[in-house]
Amino acid sequence: MKLDRIDIKILYELQKNGRITNVELADLVHLSPSPCLMRVKKLQSEGYIEGYSAQVNIGKLGQTLTVFTEITLKNHRQVDFARFLAVVEKIDQVIECHLVSGGYDYLMKFVTAGIAEYQTIMERLTDMDIGIDKYFSFVVLKSPIIKAHMPLPSLFPR
């Protein structure tokens, strides 16, 4: 399926508000409701839309700690990366994990109940002997900008 600018705009609007009505969406992308709905269904069936979820205001639930962690592995064989990922993908507090270029191997984002929980997780990971050479932690003090949507129209101009 080749996407056009209207498809990109539909995806952009849906990622900002997954509960938007089809009529509202159609108006935003300058289509009538029926063709808009057909496009949304096609985007879903083709896998461009993986699902819908609620964005929870975690701050209303209580205090949390967000930590970005740089992790360097001892060895860099494929088996070493696979062993590491097999363990960390099972940790609920790992919100993001990125293999990156530069001075370390992974940049991870943890969200925990506090510093004690984070430290317990990191101690468990280092004790498991899954190849961690070293890690550096960066505790988030404030997050003035968090966007839940990607700038699709500028990333994929059609």
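User: In which helix does Asp-7 lie?

Analyst: Asp-7 lies in helix α1, which spans residues 5-16. Helices (H or I, at least four residues) and strands (E, at least two) are DSSP runs, numbered from the N terminus. The model is predicted: local features need pLDDT of at least 70 and side-chain atom pairs count only at pLDDT 80 or more, whereas totals for chains, interfaces and linings use all residues. Residues are numbered from 1 along each chain as its sequence is written, and side-chain values use heavy atoms, with hydrogens and water left out.

User: Is Asp-7 buried or exposed?

Analyst: The classes rest on relative accessible area: buried is under 20%, exposed is over 50%, and partly exposed is in between (1.4 Å probe, protein chains only). Asp-7 has a value of 4% and is therefore buried.

User: With which residues is Asp-7 in contact, leaving aside its neighbours within four places in sequence?

Analyst: A contact means heavy atoms within 4.5 Å. With those sequence neighbours left aside, Asp-7 is in contact with Met-1, Lys-2, Arg-39 and Leu-43.

User: Where is the place of Met-1, and what are its contacts?

Analyst: Met-1 belongs to the segment before α1. Its relative accessibility is 39%, so Met-1 counts as partly exposed. Apart from neighbours within four places in sequence, Met-1 is in contact with Asp-7, Lys-42, Leu-43, Glu-46 and Tyr-48. Met-1 and Leu-43 are 42 residues apart along the chain, and their C-alpha atoms are separated by 8.8 Å.

User: How many salt bridges does the structure hold, and which one joins Arg-39 to Asp-7?

Analyst: A salt bridge is a side-chain nitrogen of Lys or Arg within 4 Å of a carboxyl oxygen of Asp or Glu. The structure holds 8 salt bridges. In one of them, the side chains of Arg-39 and Asp-7 meet at 2.9 Å, N to O. Arg-39 lies in helix α3 and Asp-7 in helix α1, so this pair ties together parts that are 32 residues apart in sequence. Arg-39 counts as partly exposed because its relative accessibility is 23%. Asp-4, Asp-7 and Arg-39 are linked in a network of salt bridges.

User: What is the space in the largest pocket, and which residues line it?

Analyst: On a 1 Å grid over the protein atoms alone, a pocket is an open set of points with protein on both sides within 12 Å along at least five of seven lines, while a cavity is a set of points where a 1.4 Å probe fits but cannot get out; lining residues have an atom within 4 Å of a point. Grid points are joined across faces, edges and corners, and a volume is the space filled by probe spheres set on the points.

About 1500 Å³ of space lies in the largest pocket. Of its 34 lining residues, the closest to the centre are Gln-55, Val-56, Ile-146, Lys-147 and Ala-148. At least two lining residues come from each of α1, β1 (65-73), β2 (94-99) and β3 (106-112). Helix α1 gives the most, with 4 residues.

User: How do the residues of that lining divide into nonpolar, polar and charged?

Analyst: Ala, Val, Leu, Ile, Met, Phe, Trp, Tyr, Cys and Pro count as nonpolar, Asp, Glu, Lys and Arg as charged, and the others, Gly among them, as polar. The lining of the largest pocket comprises 17 nonpolar, 10 polar and 7 charged residues.

User: What are the phi values of His-30 and Asp-129?

Analyst: Phi of His-30 is near 60°, a positive value in a residue other than glycine. His-30 lies in the loop between α2 (22-28) and α3 (33-45) and is exposed at 71%. Phi of Asp-129 is near 55°, also a positive value in a residue other than glycine. Asp-129 lies in the loop between α6 (115-127) and β4 (132-139) and counts as exposed at 52%.
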